[in-house]
Amino acid sequence: FPRIPSRVSSGRDDGDRQTCGVVTRNPNAVRIRLGWPPLPSNCFVDLSRPQPQPGQPHRSSCALRVLVSMAPKQHIVIFTTASLPWMTGTAVNPLFRAAYLAKAGDWEVTLVVPWLSKGDQVLVYPNKMKFSSPAEQEGFVRRWLEERIGALPRFNILFYPGKFSSEKRSILPVGDITQTISDDKADIAVLEEPEHLTWYHHGRRWKNKFRKVIGVVHTNYLEYVKREKNGYISAFLLKHINSWVTDIYCHKVSTSTFDSMVFLPLLSFSRSPVIRLSAATQEVPRSVVCNVHGVNPKFIEIGKLKHQQLCQREEAFFKGAYYIGKMVWSKGYTELLQLLHKHQKELSGLKMELYGSGEDADEVKASAERLNLDVRVYPGRDHGDSIFHDYKVFINPSTTDVVCTTTAEALAMGKIVICANHPSNEFFKRFPNCHMYSTEKEFVRLTIKAMAEEPIPLSEELRHEISWEAATERFVKIADIAPTMPARQQSPSSQNFMRISPDELKRNMEEASAFFHNTISGFETARWVFGAIPNTLQPDEQQCKELGWNLQG
């Protein structure tokens, strides 16, 4: 058979994939995915040699047949637990992920977000914003995104019914939300906060609906729960529940093998991890730690402008220190006020300004006044607002975040960041403007030093590292997803008849575990005991009407 061009890889998955890759190979045919000349990423090229007819001599110089095959684009469906205009990480980051995966052009992408009835909207959305229909909210989301990344790539936005839990301060799904996606588009599901989406899931099993299910863990739930009454007992139970539901609803698929007449995936499905954004989250089965989030490109543009001002010896930062975050005590406000109060004398020249909205805003403001601190408290606003551009130092003592979005945004804008030496901040250690403290004494020293010096301009490499382009590259690599051709299912070998492998035994146990979860999640009493909102097994008539769903009896 003729020599395969050097641009075609050997077909081994050695972690350094070429722009082309052998997909199947036999004595008479090689099927490759071609990277040059540029072709769509789901384009495969079949090089084959015609077999000689009976009685005809075999000719080694026989011409090759070239057949270009187009693999159907895979569907990636991203389910998340919040939506704009709620400015929370699980609303913003999955939206950017959907946009940048769609920009890559290799997949058809759908983002699925919760729809709240108007009674819940006023509890969740800022300034008592309300939407009359999902289409109206979708328009708001798309306009918000377009203002930040420019021309929008093509992706879909769908809604599932949700209800707001005041106790948990979060939105919980109602009914079987897998129904939002038709079976013909159920290729890859990304569950943003997989434990949150599956605590009370009752319906079709995610692994049966989708060919591959990837979890992205956003929230350090255990840390929040520990701060409540009887918190350590609750955290112990929650830890095991999180591990359980994540294990039974997020995939682990063995490498598939097919005969030589069909395409093999370029990237095997032997790894189907749950992605933990940092080591601050609890360990769950099959999890890996990787920050697959980036920052809004507007923040990078602000940082470039500040870099130019510094290079021209202009004053780029003429404001002092600030912090922005949801104004609840668990978001670092307790630690910050304690540090400022305890070291008020050493930090006498520090004027601190806090921005945030939340349940504890009045208490935070009252505490700062009671402690006689030089602290001003303002309502929350978008971190990209021009009012923040000129601050030089961002102080964030929070240890409940997983990867703090506002810390990443501050670094992208070229600011100096003072934060705790904590697993949630591990990703930021490579940035020269990020200063981490392990003791109160270090906090004081680093804060005084930061107020007296200018930030170091961010390199192009680090700018890329913090971007959504780089975050998407990391996500694709760690999630192990790539365009594939449909695979023919092999019938079981007769040699394995009546023989149960360890993997099959484990799979059967997992099926039984999932059946048990589905059974108990179908009883209102059991759901209530474990904290579900009453009457959320099925969406109510009003939500069905708003979503255009048929009410199930």
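Patches are made of residues with over 30% relative accessible area and no salt bridge, where like charges are joined within 9 Å and nonpolar side chains (Val, Leu, Ile, Met, Phe, Trp, Tyr) within 5 Å. The model shown here is predicted, so local features need pLDDT of at least 70, side-chain atom pairs count only at pLDDT 80 or more, and totals for chains, interfaces and linings use all residues. Residues are numbered from 1 along each chain as its sequence is written, and side-chain values use heavy atoms, with hydrogens and water left out.

**View 1. A nonpolar patch on the surface, built from Ile233, Phe236 and Leu237.** Together these residues have about 340 Å² of accessible area (Shrake-Rupley method, 1.4 Å probe, with only the protein chains shown counting as cover for residues). Phe236 sits in helix H7, residues 231-249 (helices are DSSP runs of H or I, at least four residues, and strands are runs of E, at least two, both numbered from the N terminus). With a relative accessible area of 53%, Phe236 is exposed (buried means under 20%, exposed over 50%, partly exposed in between, with a 1.4 Å probe and protein chains only).

**View 2. A salt bridge between the side chains of Glu359 and Arg169.** Here N and O are 3.4 Å apart (a salt bridge is a side-chain nitrogen of Lys or Arg within 4 Å of a carboxyl oxygen of Asp or Glu). Glu359 belongs to the loop between strand S14 (352-355) and helix H10 (361-370), and Arg169 to the loop between strand S7 (156-165) and strand S8 (170-173), so the pair ties together parts that are 190 residues apart in sequence. Glu359 is partly exposed at 43% relative accessible area, and Arg169 is partly exposed at 35%.

**View 3. Glu440 and Lys342 joined by a salt bridge.** The N to O distance is 3.2 Å. Because Glu440 lies in helix H12 (residues 440-452) and Lys342 in helix H9 (residues 333-342), this pair ties together parts that are 98 residues apart in sequence. Take a look at the two partners: Glu440 is partly exposed, at 33% relative accessible area, whereas Lys342 is exposed, at 57%.

**View 4. Arg381 and Asp385 in a salt bridge.** The closest N and O atoms of this pair are 3.4 Å apart. Arg381 is partly exposed, with 41% relative accessibility, and Asp385 is partly exposed too, with 24%. Elsewhere, salt bridges that share partners join Glu147, Arg148 and Asp382 into one network.
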